[in-house]
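Okay everyone, thanks for coming. Let's walk through one chain together and look at a few of its residues.

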Amino acid sequence: MPLFRTRTAAIYGVDALLIDVEVDMYMGNPKDFITVGLPDTAVRESRERIRSSLINSGFGYPCKAITVNLAPANLRKEGAGFDLPMALGIMGAMGTIPSDAMENFLVIGELSLDGALRPVRGALPVAVCAKAAGIPNIIVPAQNAAEAAVVDGVNVYGVGYLGEVVQLIEKPGSKQPASGEGPSNGFHESAPLHDFRDVRGQEAAKRALEIAAAGGHNILMVGPPGSGKTMLAKRFAGILPKLTFAEALETTKVHSVAGVLDSEGLLRERPFRAPHHNISDAGLVGGGIGMARPGEVSLAHNGVLFLDEFPEFPRNVLELLRQPLEDGSITIARCNISLTFPSSFMLVAAMNPCPCGYFGDPSRECRCTPAMIQRYVGKISGPLLDRIDIHIEVPPVKYRELRSEAGSECSADIRRRAETARQIQLRRGYPNARMPSKVIREHCRLDEAGEKTLEMAVQRMGLSARAHDRILKVARTIADLDASDRVQVKHLAEAVQYRSLDRTYWS
């Protein structure tokens, strides 16, 4: 049969779209191997890999011309994952595979010259695509089987060589499908590597981080070098509420399409991303040559994005954080396609108070002039600062606290309180940090004393409307930690103090 069709999928953003691979074989020069349907360079080069793979696997290569169509033809195709479906299409046109054998299979994989299958990006979104399309079986490289198998309702077969694929297609019962960690098999998050028990002192900072974890708030820590800002940030992910299966699946999809997922499959703990301050704008929010890839803000989805030495990041790069901080997603527009990546992360930023780091330090002298300090902190714009809910000062740790034998509270205890408060918020429909403006008055009602306190804070500190809303959201989180139905004056007062630090350095 000269015409044969297989099915695969192409990655667009964090999703996969079904692609039909049509192979036509006809009399002509065997060197004529034409691929149509907007293929990129990697797809066009697949003809050389396919030819060597078929010959070295013992299936031979036809002495005819070949045309491969990747439909729909108006969508760009990129990557080496089309090797396997194209090779199977050629084998089907040669008569090696029965004409109806591929009806219940979706295949993806890169071929090496000896017929071995190499791993590809995006196996998890491809499995989701197969389930949505009603395709019961999916064939992927063995290294991708664990991540694809977390999708229930699809039989995932991980194979190592082209010969195994043919055997599986001809005898579907010859191989058992892979099993993954899904809701039907149980999902368990691993224990955090870093614990708050290791942190001495800094009780005020720990309290602020607990509030941030409970409500999903962004936080900025200001303090001299060596005060423990990085140590606190690394332990922050360990006090966040545990990942649900839906969150783990969504986060794993992002890491899968970015090609940074390990062989264990489903992510079991919240991501912690800490890019260096020399990162480019494309590296932070996504982009790149060809099809856009997720950036650090998307890789930190449902987790923590830690930006150390905050003012050292280029200002134009920091300003790109505005959209993801506000919307929980980032849209990357190209001339022919626009892709949206999820980026609902918690920002944890740390910075020194001045270039030398010792402004306000009681034991060390700051050698920076006021103009130098203003230039340094001025790299962080007011609109970006407004999107950070909590600002705290992290002073140097006193010697007695550093050498104290008294045990600090462990991360597990803090996490339990944060999870209890988060459950209260989810019954309202969303974490407090994502509370829509139209319902703030409903969930953050104040009594007369609270109204006067908030009015005084807004007038004296010159706060914006956005800062006003964020104070109310933080106060609501503090009330949830106290299991209080109403926002009381003490909750509001504590929330206001977390907005006072910016007036110390930015006024």
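**A buried histidine and some salt bridges**

So, His 301 sits in the loop between helix H11 (296–299) and strand E14 (304–307); helices (H or I, at least four residues) and strands (E, at least two) are DSSP runs, numbered from the N terminus. Before we go on, this is a predicted model, where local features need pLDDT of at least 70 and side-chain atom pairs count only at pLDDT 80 or more, while totals for chains, interfaces and linings use all residues. Residues are numbered from 1 along each chain as its sequence is written, and side-chain values use heavy atoms, leaving out hydrogens and water.

Is His 301 buried or exposed? It's buried, because its relative accessibility is 4% (buried means under 20% relative accessible area, exposed over 50%, partly exposed in between, with a 1.4 Å probe and protein chains only). The His 301 side chain also reaches the backbone nitrogen of Ser 344 at 2.9 Å.

Now, salt bridges: a side-chain nitrogen of Lys or Arg within 4 Å of a carboxyl oxygen of Asp or Glu. By that rule there are 23. One of them joins Asp 15 and Lys 253, with the closest N and O atoms 3.1 Å apart. Asp 15 is in strand E2 and Lys 253 in helix H9 (residues 245–258), so this pair ties together parts 238 residues apart in sequence. Asp 15 is partly exposed at 40% relative accessibility, whereas Lys 253 is buried at 15%.

Another one pairs Glu 326 with Arg 470, at 3.6 Å, N to O. Glu 326 is in helix H13 (residues 322–327) and Arg 470 in helix H20 (residues 465–481), 144 residues apart. Salt bridges with shared partners join Glu 326, Arg 387, Asp 389, Arg 466 and Arg 470 into one network.

Methods:
A polar contact is a pair of N or O atoms within 3.5 Å; within protein, one must be able to donate a hydrogen and the other to accept it, and residues adjacent in sequence count only if both atoms are side-chain atoms.
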